[in-house]
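Hi,

Here is the structure I promised to pass on.

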Amino acid sequence: MAVYQYHCAEHGVLEVARPIGTAAASELCPDCATPAPRVFTAPRLALGSARNRALIDRAERSADQPAVVSAPPSRRSAPQALNPALARLPRL
Ligand SMILES: [Zn+2]
């Protein structure tokens, strides 16, 4: 399966999953039922699962628009909370 993108003039981009090579020139928009022409994009075949895509998208987004934080990360999200072996390392 591949994900093809179409652009509705009113509702923006919509994605449709179809077998490779079976993309139509246009798809009906699910919101307004008008034909939305296909948008040609770079293939995303090698990016893996949705979780991997979310990670890659977040990394790319942080390069351009880094999140501004007002406090250090909580102890819960500290690296030693994720990996118990790090808690045994000497502290400074
Ligand atoms: Zn629409």
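This is a predicted model: local features need pLDDT of at least 70, side-chain atom pairs count only at pLDDT 80 or more; totals for chains, interfaces and linings use all residues.

Residues are numbered from 1 along each chain as its sequence is written, and side-chain values use heavy atoms, with hydrogens and water left out.

Let's start with strand β1, residues 2-8. (Strands are DSSP runs of E, at least two residues, numbered from the N terminus.) Of its 7 residues, 5 are buried, so β1 is largely enclosed by the rest of the structure. Buried here means under 20% relative accessible area, exposed is over 50%, and partly exposed lies in between (1.4 Å probe, protein chains only).

β1 has pairing partners, where pairing takes at least two DSSP bridges between two strands. It runs antiparallel to β2 (residues 12-18), with 7 bridges joining them. A hairpin of 3 residues links β1 to β2, and C8 has G12 as its bridge partner in β2. β1 is also antiparallel to β4 (residues 35-39), through 2 bridges; there, Y6 sits opposite R38 of β4.

Now the charges. The count is 1 salt bridge, meaning a side-chain nitrogen of Lys or Arg within 4 Å of a carboxyl oxygen of Asp or Glu. E27 and R18 form a salt bridge, their closest N and O atoms 3.1 Å apart. How accessible are the two ends? E27 is buried, at 15% relative accessible area, whereas R18 is partly exposed, at 29%.

Cheers

Note on methods:
Helices (H or I, at least four residues) and strands (E, at least two) are DSSP runs, numbered from the N terminus.
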